[in-house]
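Let us walk through this structure step by step. Start with the helix and the sheet, then turn to the charged side chains.

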Amino acid sequence: MDCLFCKIITGEIPSDKIYEDELIYAFNDIEPQAPQHFLVVPKEHITSLYEIEEKDKALLGHIMLKISEIAKEKNLKDGYRVVINTREDGGQTVGHLHFHVLGGRSMKWPPG
């Protein structure tokens, strides 16, 4: 498979890993948009949020729990934003479901 995130998960492409378990991989973004900006990706290749199915409920719950745990470890107690860009019009640039977690500064609304 020619997926950037699949290659990062397998170690074919290096990353600044911050967490890994049997279901997910988390790493710091190479172009951070906030003082803290990391990505959480499922190890299973799912193209986007649009393609999730009933069978993915437990995985998505696991991802949310781990995002909360990592945010606490990174002391993001004042808040953070979780972003899931979905498909082209949603701004998704890598065809593998991923969750951006941004913190360490005040987030504005509406986002760009």
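Helix H2 (residues 57-73) lies across E1, strand E2 (24-28), E3, E4 and E5. Its direction is about 155° to E3. Helices (H or I, at least four residues) and strands (E, at least two) are DSSP runs, numbered from the N terminus. Contact means heavy atoms within 4.5 Å. Axes are lines fitted to C-alpha atoms, for helices over the stretch in contact, and angles run from 0 to 180 degrees between N-to-C directions.

This is a predicted model: local features need pLDDT of at least 70, side-chain atom pairs count only at pLDDT 80 or more, and totals for chains, interfaces and linings use all residues. Residues are numbered from 1 along each chain as its sequence is written, and side-chain values use heavy atoms, with hydrogens and water left out.

Now the sheet. It is open, with five strands in the order E1-E2-E3-E5-E4 and antiparallel pairing. Two strands pair if DSSP finds at least two bridges between them. Strands E1 (17-20) and E4 (80-83) are the edges, each pairing on one side only. Five bridges join E3 (residues 36-42) to E5 (residues 99-103). There, Leu39 stands opposite His100.

Next, the charges. The whole structure has eight salt bridges, each a side-chain nitrogen of Lys or Arg within 4 Å of a carboxyl oxygen of Asp or Glu. One of them joins Lys66 and Glu69 at 2.9 Å, N to O. Both residues lie in helix H2, three residues apart, about one turn of the helix. Lys17, Glu20 and Lys43 are linked in a network of salt bridges.
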